[in-house]
Every structure is written in structure tokens, then in C-alpha cells.
Amino acid sequence: MDTNQNSIAEPVGFDMDFVQQSLDSMSQGLSVTKMVDGELQIVLCNTRFIDLLDFPIEFADLPRPFSDFIRFNAERGEYGPGDIEQQVKERVELARKFVAHAFQRTRPDGTVIEIVGKPLPSGDGFVSTYTDITERDQAETYSDLLIQALDRSGAGIAIFDPEDNLVLTNRTIRASNPFVTGLSMPGFSYDDWGKALLDTDMVANVDGREQAWLEKWIRHRHDPQGSIEVERTDGEWRLVEVVILQSGHTVMVSNDITALKKAQIALIDAKEEAELASRAKTDFLANMSHELRTPLNAIIGFSELLISTDFETLGMDSVNEYLGDINRSGRHLLRLISDILDISKIEVGELKLDEEALCLRELVEECLRMINERARRAGTRITNNERPPKVRLFADETRIKQIMLNLLTNAIKFTQSGGEITIGWYLEDDGKLSLLVTDTGTGMAMENIRIALEPFGQVANSMTREHEGAGLGLPLSRRLAELHQADLKIDSTIGEGTAVYVTFPAERVVTDFDPED
């Protein structure tokens with residue numbers, strides 16, 4: 001160390017070598033800049049200052065003009081392009097203000113230096129420290145990049161420290177869990193997360209078993225085998241996985257599996273539908289074989305009896321009775337086959353409508369004439385609820401009668417003796433026209449209505465087997481209604497009866513017609 005007249009005066013009994021050795025042992029660079037004889041000079045520094053900023057070794061001989069250090073840096077491009085003397089002048093003038101300063105400088109070799117300066121108490125200089133923060137800066141940069149990457153991840157991520165405090169969350173998981181209010185929530189644990197899900201009613205289908213669900217959530221944190229599927233009240237599903245790092249940190253990963261669950265549910269529903277259809281077709285064929293065989297056996301049996309027996313021996317009364325049985329069996333067989341063919345035509349789009357403006361009163365009267373005898377034999381009473389509205393329906397007369405007769409026949413079939421059936425047409429407030437058939441019969445459960453409306457569906461086989469028919473009335477009626485853009489709806493309660501609504505669109509309601517037609 002040069003101890004000429006420009007150096008700092010040594011106090012009596014003060015060991016400057018000891019001071020220098022102490023400074024040289026520092027991990028930070030240090031320099032003292034001071035005005036000496038009107039010139040700004042560095043009067044004291046340690047070896048870390050020289051090494052860290054890569055100054056020539058001779059720069060350690062102090063005091064030395066502050067401008068020498070600035071000029072050396074400028075000449076090797078530390079301050080970027082520009083006039084070197086101008087760069088030296090500007091920085092020396094700034095330093096002569098003797099104010100506190102703190103900034104970072106990235107050197108050409110990539111080293112990041114943090115420089116912090118404080119003015120001397122005398123007001124004629126400053127002390128500066130120089131710290132290599134390259135690793136810290138890189139860590140902060142990588143941390144920022146990591147957070148940006150996590151925020152752009154489709155998976156929700158939350159990290160808990162070894163003491164189970166929430167220390168990091170990404171944007172995805174914060175968006176789907178509004179109780180998380182920041183990147184970190186000190187004191188908020190993995191267990192608290194599960195409680196918050198319950199407290200905010202975000203978990204679906206846990207009423208009455210919240211504690212069991214929470215215990216399962218907590219167990220998964222301490223023994224993360226597999227994953228947990230969380231069904232949420234907003235209709236979404238989350239797959240939650242937990243990873244415990246060697247450091248003791250817990251990483252929770254939450255993936256949105258809503259689309260996958262919907263696909264799984266749709267697949268299960270399709271499988272159940274296929275199995276239901278298969279069973280329904282099997283039941284239908286079994287029932288249909290019975291329905292077809294019964295009238296055929298009657299036709300064949302009575303016809304063979306008539307062929308093999310003399311009419312005079314049988315007597316004309318018996319002959320007429322047998323012929324009537326043959327006729328009724330043949331008509332019943334024809335109805336079954338016609339229904340099957342009609343459904344088949346509708347399914348392949350081959351059934352065409354012959355449409356015209358139909359009188360509602362005439363439709364009801366004709367159907368009642370055709371069905372009253374059957375109702376009388378069953379001991380039920382059919383009531384025309386009220387006079388139909390003064391409009392007409394643009395539709396196929398044969399098919400509308402077919403719908404009405406099917407609904408009335410079905411009502412008679414499942415209504416006990418003494419029961420009541422009503423039929424009526426109603427004009428709705430929105431201009432739609434509805435046909436309503438109600439009965440006081442056995443009714444059916446809501447879950448069976450969908451089955452009853454399928455072409456091969458049979459509800460309560462033991463019950464339907466007690467009655468004539470293959471169960472095609474409702475599905476055929478629905479198909480015929482749909483051909484007219486109408487909706488067929490059933491309301492039914494077991495033991496209380498059934499109401500069937502067939503609602504036609506306003507476009508099919510005719511109000512401009514000649515009442516004499």
C-alpha cells in the first residue's frame with residue numbers, strides 16, 4: 001500500500017496493515033472514494049474489489065484518481081458504445097455529488113455486480129460495496145421463468161413447504177379455486193384446502209358425508225397413492241395428484257378431466273342403452289311370438305274345426321261363434337302386423353303423410369264410436385272433456401286417429417273396471433294445440449316412462465302379459481306425433497293414473513276456414 005502524502009492519515013497507534021488484511025478477507029469488494037486536493041480519488045480498497053471488477057493489479061496502489069477506474073472500464077466497453085471521454089466526464093460528475101446510490105451492472109462476461117454506495121459523514125466522499133449476485137440473479141430469472149411457465153400450464157399446481165404452508169400457486173389453480181387469494185398464503189395448509197372446498201360448496205354429492213370426504217382428502221396428502229377424482233358443483237371434474245419431494249415439499253397437481261368424465265359417462269350410458277335395447281328386443285320377440293301365436297292358433301284351430309265337422313252337427317250358433325272368433329283373431333293379427341310395419345316405415349323415413357285441415361270434433365266423435373264398445377266391455381267410462389276449440393288441425397287424418405285410438409286403447413287396457421278416461425283438445429296461450437288423454441289406471445314410475453316410449457320397450461312384463469297387445473301403442477303414437485312436429489309427453493303416478501299430452505306446433509293450427517266444410 002502506497003503511504004505517500006495523498007493517502008489517508010494513520011491515527012497514532014492504528015495498524016493499517018491489520019485494517020487492510022481485514023478488508024481483504026471480505027467476500028464483497030469495497031472502495032472508499034474521497035476528494036483529495038480537489039481531485040476525486042479512490043483512497044482505499046480491498047483485493048476483492050480489484051479481482052471482482054477485473055482491474056489491473058497496479059490499480060491497487062492507492063490513492064489513485066477515480067477517473068482512471070472509470071476510463072479503464074469505458075475503454076473495455078463496460079458502459080457500452082459511445083465517446084469514452086464523455087462517458088468518463090459524466091460518471092465523474094455524478095460521483096462528485098456524493099449521494100447514496102444502488103444499482104446493478106452486468107459485465108461483458110455475464111457477471112452481475114450489485115453496487116451500493118453511501119456518502120461519508122464528512123460529505124466529501126463515499127464508500128461503495130461490490131457484490132457478485134450472478135447466481136442470485138440467475139435464480140431470480142429462472143424463478144420468474146418457472147412461474148411464467150407454471151401460469152401457462154393447463155394443470156393447476158400448488159406447492160406446500162415441509163411445514164405444510166402454501167408457498168406457491170399458479171394462475172390455473174387460482175382461477176378454479178377462488179378461495180386462494182395470492183401466489184402464496186402463509187399458514188394455509190393442504191388440509192385447509194380440502195376444508196375450503198367443502199366450506200365454499202364446491203364439492204358435489206357429499207351431503208351428509210363431508211367429514212368422510214375430508215378424511216380421504218387428508219389421507220391422500222400423507223399417503224399419495226394414486227389420485228383423487230373431485231366432482232364439483234359447477235359440473236366440472238378435477239383429478240388431484242400429490243407428489244412429495246425429497247426436500248419435504250408437497251406438490252399438488254390438479255387436472256381438468258371434465259371432458260374425459262363426460263365421455264366416460266356417455267360411454268356408460270351408451271352401453272346401458274345398448275344393453276337395454278338388447279333386452280327390450282329379446283323381451284319384445286318373446287312377447288310378440290306369444291301375441292302372434294295366440295290369434296294364429298285361434299284362426300287355425302277354429303278353421304280346422306269348421307273344415308272337419310259338419311255344420312249341422314255343430315249348429316249354426318256355434319259356427320257363427322267360431323267364425324266371429326276367427327274374424328276377431330284375424331283383425332287383431334292385422335293390427336299387430338300393421339303397427340310393426342308402421343314403426344318400421346317411420347324408422348326408415350318411408351311413411352308419408354296425407355295432410356288436410358281436420359275438424360277436431362269429428363275426430364273425437366269417430367274415435368269414441370270406434371272405442372266405446374271396448375270401453376263398455378272393460379267397465380270403464382270415456383268422457384269427452386269439453387267442446388274442442390274452434391280451430392282445425394293440419395294433419396294426416398288416419399294417423400291422428402291412430403294416435404287417439406292407441407292412447408285410448410292403452411288407457412282402457414290399464415284402467416280397472418269402474419275407472420274413468422277423458423279425452424279433449426285444448427288451445428294453448430302460445431297458439432299450440434294439445435290433445436290430452438287421462439285415465440285413473442295403474443300408472444307407472446317415472447323411470448319407466450322412457451322405456452315405455454321405445455319401440456321394443458316393455459314396462460312390467462307381468463302386467464302387460466295380462467292384457468292383449470305387444471306394447472307398441474305408445475312408441476308408435478310418439479313416432480306419428482313427431483312426424484307432425486308434435487311432442488308426446490307422459491305424466492304418470494303409480495296407483496293414481498296417467499296423463500298423455502300430444503302438443504302440435506302453432507304452425508299446424510288452422511284458424512281461417514269455412515265452418516260449413
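Q: How many residues in the lining of the second largest pocket are nonpolar, how many polar and how many charged?
A: In this predicted model, where local features need pLDDT of at least 70 and side-chain atom pairs count only at pLDDT 80 or more, while totals for chains, interfaces and linings use all residues, that lining has 16 nonpolar, four polar and two charged residues. Residues are numbered from 1 along each chain as its sequence is written, and side-chain values use heavy atoms, with hydrogens and water left out.

Q: What makes a space a pocket or a cavity?
A: On a 1 Å grid over the protein atoms alone, a cavity is a set of points where a 1.4 Å probe fits but cannot get out, whereas a pocket is an open set with protein on both sides within 12 Å along at least five of seven lines, and lining residues have an atom within 4 Å of a point. Grid points are joined across faces, edges and corners, and a volume is the space filled by probe spheres set on the points. The second largest pocket holds about 460 Å³ of space, and of its 22 lining residues, Phe-66, Ile-70, His-101, Phe-103 and Arg-105 lie nearest its centre.

Q: Which element supplies the largest share of the lining of the second largest pocket?
A: The largest share, four residues, comes from α3, and each of α3 (66–75), α4 (84–95), β4 (101–106) and β6 (125–132) supplies at least two residues. Such helices (H or I, at least four residues) and strands (E, at least two) are DSSP runs, numbered from the N terminus, and the protein chain has 16 helices and 19 strands.

Q: How many cavities of 30 Å³ or more does a search of the whole structure find?
A: The search finds one cavity of that size, and the largest cavity has about 80 Å³ of space. Its lining includes Ile-173, Trp-193, Trp-217 and Arg-232, and the elements that give two or more residues to this lining are α7 (190–199), β10 (237–244) and β11 (250–256). By class, the lining of the largest cavity divides into seven nonpolar, two polar and two charged residues.

Q: Why does Asn-46 count as buried?
A: Buried means under 20% relative accessible area, exposed over 50%, and partly exposed in between (1.4 Å probe, protein chains only). Asn-46 has 1% relative accessibility, and therefore counts as buried. Asn-46 sits in the loop between β2 (39–45) and α2 (47–52), where its side chain reaches the backbone oxygen of Leu-23 at 2.9 Å and the backbone oxygen of Gln-28 at 2.9 Å. Beyond its neighbours within four places in sequence, Asn-46 is in contact (heavy atoms within 4.5 Å) with residues including Gln-20, Asp-24, Met-26 and Leu-30.

Q: Why is helix α16 described as largely enclosed by the rest of the structure?
A: Nine of the eleven residues of α16 (residues 473–483) are buried, so the helix is largely enclosed by the rest of the structure. Among the buried residues are Leu-474, Pro-475, Arg-478 and Arg-479. For the protein chain, 41% of the 517 residues count as buried.

Q: Is Asp-201 buried or exposed, and how do you know?
A: Asp-201 has a relative accessible area of 58%, so it is exposed. Asp-54, with 47%, is partly exposed, and Glu-428, with 36%, is partly exposed as well.

Q: What makes the phi angles of Asp-54 and Asp-201 worth a remark?
A: Most residues other than glycine have a negative phi, and most peptide bonds are trans. Asp-54, although not a glycine, has a positive phi of about 60 degrees, and Asp-201, also not a glycine, has a positive phi of about 55 degrees. Asp-54 lies in the loop between α2 and β3, while Asp-201 is found in the loop between α7 and α8 (210–222).

Q: Which peptide bond is cis, with omega near 0 degrees?
A: The peptide bond from Leu-62 to Pro-63 is cis, with omega near 0 degrees, and Pro-63 lies in the loop between α2 and β3 (64–65).

Definitions and conventions: A polar contact is a pair of N or O atoms within 3.5 Å; within protein, one must be able to donate a hydrogen and the other to accept it, and residues adjacent in sequence count only if both atoms are side-chain atoms. Ala, Val, Leu, Ile, Met, Phe, Trp, Tyr, Cys and Pro count as nonpolar, Asp, Glu, Lys and Arg as charged, and the others, Gly among them, as polar.
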